[in-house]
Amino acid sequence: LEGHAGRSEHASSDEELRAEVVLGGRVLHASGLSDLVWGHVSRRDPEGRGVWMKASGLGFEEVTASDVLLVADDGRILVGDRPRHSEYPIHTELLRARQDANSVVHVHPRHAIALAASGRPLEAFSHVAGLFPAGVRCYDDAPGLVVNAEEGVALAGALAGDRALLLRGHGVVTVGASVALAVTTAVMLERACEQQLLAEGFGGVERAFTAEEATRAYGHTLTDAHLLSAWAYLVRRVEAAAGG
Ligand SMILES: [Zn+2]
């Protein structure tokens, strides 16, 4: 569906953009990143009108194309007739700050929340964690909802140029050049956090790799192609589960 980032020569139609958001949510759900009806994935509108994201009150697996809204930077709903999530500024402000990104994921994954609560750093000692060789920073100033531009801007400042950020007491955000990359990054971050919890059960990580060691060992995980091959698999799984 979307192997490449950014704007293509032919503009995506509204329905194609909505389909990307629906699929991103299905993959997040199938990967265990749902928190009932909370969490969202967005797609930048290529015409600069705002962001495409699902309506509030629905689980990722319930969303269909008509439930995906076009939300302007000021929160107005430009397309769609359902209520929007109050946390839309996460998407509008992160995408405003990150012109390299076209998609933002904000979810409340169980293991990532638990790791952030522990105050321990994410350590790269597996291939899946190799995507984050220097770990993932933790932001302390958004345990509650991020509901205005000021809070969104502060969050964007904390994310800076990174691909992921833990929000202590809340969840995670990830960004990517496409829905595929932002979603797969979120999936891998949660798997890395779960893996670390297992290591804790064995007594903890005896010796963490330095960022340099992790980059040397896991450098192959840092390409878009690596993430997109995982994404393609996740999409096939969703389609198989849907009987498609
Ligand atoms: Zn949230």
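Leucine 36 is exposed, with a relative accessible area of 64%; buried means under 20%, exposed over 50% and partly exposed in between, using a 1.4 Å probe and protein chains only. The model you are looking at is predicted, with local features needing pLDDT of at least 70, side-chain atom pairs counting only at pLDDT 80 or more, and totals for chains, interfaces and linings using all residues. Residues are numbered from 1 along each chain as its sequence is written, and side-chain values use heavy atoms, leaving out hydrogens and water.

Back to leucine 36: you will find it in the loop between α1 (14-30) and β1 (40-44). Helices (H or I, at least four residues) and strands (E, at least two) are DSSP runs, numbered from the N terminus. Leucine 36 has a positive phi of about 55°, although it is not a glycine. Alanine 160 also has a positive phi, near 50°, and is a residue other than glycine. Its place is the loop between α4 (149-159) and β7 (164-167), and with a relative accessible area of 36% alanine 160 is partly exposed.

Now step to helix α2 (residues 88-97), where glutamate 93 lies. This glutamate 93 is buried, at a relative accessible area of 5%. Setting aside neighbours within four places in sequence, glutamate 93 is in contact (heavy atoms within 4.5 Å) with Ala149, Gly152, Val153 and Ala156.

Next, a helix pair. Two packed helices are described by the angle between their axes and the distance between the axes. Helix α5 (residues 179-201) and helix α7 (residues 224-241) pack at an angle of about 85°, with axes 9 Å apart. That makes α5 roughly perpendicular to α7, since angles of 65 to 115 degrees count as roughly perpendicular, under 35 as roughly parallel, over 145 as roughly antiparallel and the rest as oblique. Axes here are lines fitted to C-alpha atoms, for helices over the stretch in contact, and angles run from 0 to 180 degrees between N-to-C directions. On the α5 side the meeting residues include Val179, Leu181 and Met188, and on the α7 side they include Asp224, Trp231 and Leu234.

Finally, the cysteines. A search of the whole structure finds zero disulfides, a disulfide being a pair of cysteine sulfur atoms within 2.5 Å. For cysteine 138, the nearest cysteine sulfur is that of cysteine 193, 10 Å away. Cysteine 138 is partly exposed, with a relative accessible area of 31%, whereas cysteine 193 counts as buried at 2% relative accessibility.
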